[in-house]
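These notes are meant for a colleague who is opening this structure for the first time. Please read them with the sequence and the model side by side.

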Amino acid sequence: MVKEAGIVGAGGAGFPTHVKLASNAEYILLNGAECEPLLRVDQQLMELFPDEVIQGFEAAGRLVGANKALIGIKGKHKEVISILKKRIDTLGVSDFVEVKELKDIYPAGDEQVLVYELTGRVVPEAGIPIQVGCVVINTETALNIYRASKNEPVTEKYITVSGDIPKRLTVKVPVGTPIIDVLKLSGIENFDDYAVINGGPMMGPVMNSIGGYVTKKTKGLVVLKKQHNLIKRKTISKEQAKRVNRTTCEQCRLCTDMCPRYLLGHDMQPHKMMRVLNYSLDDVKDQTTTYLCCQCNLCELFSCPIGLYPRAANQYIKQNLVEKNIRYTPVKTEFNARTSREYRLIPSKRLVARLGLRDFDKPAPMTEMSLNPEIVYIAKSQHVGAPAIPVVTVGDHVNAGQLIGKIPENSLGATIHASISGTVVEIENDFIAVRRDDYV
């Protein structure tokens, strides 16, 4: 049912959930940390739909044979925690499902950080949680699993619209909705002076143009003025970053000392990537650790005291290694978090202040809105794996929830469904377009 519903990770890379749930695990973990600043989806879904989230999570846990199902949520969300605990008791699943409070740090929602915080286990270098007996899903995915049990496929997405805007809000919209339609709910009509981050302020990219369409992975849209320092830093070119790094880095190694993966005991050391670039070193062994980066961007947007670009250096080196088909080979199988870790955790409030977002760190309440786009553009590939194969043709009439794309045979992938009722008007390499029935 999960496979047929087209469920994928709702906030990350979009890994097909049915594949995760085919594992056997000791723990199943619910990632409700939502550690990216300004995003407000997961905490509200747990508050508004606690029974559905809990039951979807429990069903997933039973499926993987877990001994325990742990909900990870930041301790600051006292009201949500209270609601969850009461509903767990009422639903009679307290012997299996448990709420565990997380520190208000970044990146608490990183999969490997979450595994350590909830179980004390360290995922091996270049590994995944199942290697230490864990399966991780996020809040909206759990909600979608519950809905799949009621034969409801994924056709809608919850998104936070936040930043330097008149109206901050979280809304539910059809998959395939033009992003500009969602952005205009913020109260801004003309975006000429604004840039939009697709995702969270730390890891999300700045959109090249305000186009594109909502996918199953879209979680947040952060709107800032183009002259905001965060936008300037995130849009610097690779060559500019490389030039600044070479002329300024003094090898203080703070980028490494604050790195979440390094603190978990991995050999991820960003300062060595800076050294490789600055001095044109050829030590391939040192370079291959670039594959251990989780892309949290902490080194670049918080740790470096003079605002250099360790992550950019890391990406540059990784790209070169990929082109040469050189991969990282772990030398250890067991890892322990470094003793200094507990003293180097980054409080979310400090991070928000450093990013220049304190004035925008405000609620974005769930808002009931009827967004009825003329045409939805449903991407064939909004997940890890092969693109979906269309099972409809131009001119076909489809109903909301109807299958329009299937998984290629013997491939990793996810199904896609019509998010509105209407007529298929276009099928391109990247998407299937459906025009609404009642559009005049």
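1. Basis of the model. This is a predicted model, in which local features need pLDDT of at least 70 and side-chain atom pairs count only at pLDDT 80 or more, whereas totals for chains, interfaces and linings use all residues. Residues are numbered from 1 along each chain as its sequence is written, and side-chain values use heavy atoms, with hydrogens and water left out.

2. The largest nonpolar core. A nonpolar core is a set of buried Ala, Val, Leu, Ile, Met, Phe, Trp, Tyr and Cys residues joined through side-chain atoms within 4.5 Å; buried means under 20% relative accessible area, exposed over 50%, and partly exposed in between, with a 1.4 Å probe and protein chains only. The largest such core has 37 residues, and the members that touch the most others are Leu29, Leu224, Leu298, Leu351 and Leu357. Among the elements that give two or more residues to this core are helix 6 (111-119), strand 9 (220-225) and helix 17 (348-355), where helices (H or I, at least four residues) and strands (E, at least two) are DSSP runs numbered from the N terminus. Not counting residues up to four places away in sequence, Leu351 touches Pro37, Tyr106, Met202, Leu298, Phe302 and Ile346, contact being heavy atoms within 4.5 Å.

3. Helix 5. Which residues of helix 5 are buried? They are Val80, Ile81, Leu84 and Ile88, and because they cover an arc of only 100° around the axis, they lie on the same side of helix 5; the arc is that of the directions from the helix axis to the C-beta atoms. Lys78, Glu79, Lys86, Asp89 and Thr90 are exposed on the other side. The cover over the buried residues includes helix 3 (41-48), helix 4 (50-63), strand 2 (68-74) and strand 3 (97-102). Just after helix 5, Gly92 takes a positive phi of about 70°.

4. Lysine 219. This residue lies in the loop between strand 8 and strand 9, and Lys219 counts as buried because its relative accessibility is 11%. The side chain of Lys219 makes a polar contact of 3.2 Å with the side chain of Asp42; a polar contact is a pair of N or O atoms within 3.5 Å, where within protein one must be able to donate a hydrogen and the other to accept it, and residues adjacent in sequence count only if both atoms are side-chain atoms. Leaving aside neighbours within four places in sequence, the contacts of Lys219 include Ala10, Glu34, Asn138 and Tyr158.

5. Strand 2. Because 6 of its 7 residues are buried, strand 2 is largely enclosed by the rest of the structure. Strand 1 (residues 27-31) runs parallel to strand 2 and is joined to it by 5 bridges, with Asn31 opposite Gly72. Strand 2 also pairs with strand 3 in the parallel sense, over 6 bridges, and there Ile73 stands opposite Glu101. Two strands pair if DSSP finds at least two bridges between them.

6. An open sheet of 4 strands has the order 11-17-16-13, with antiparallel pairing; strand 11 (375-379) and strand 13 (397-398) are its edge strands, each pairing on one side only. Strand 17 is largely enclosed by the rest of the structure, because 5 of its 6 residues are buried. Strand 11 and strand 17 (residues 431-436) pair over 5 bridges, and Tyr377 stands opposite Ala433. Strand 16 and strand 17 form a hairpin with 3 residues between them, in which Val424 stands opposite Val434.
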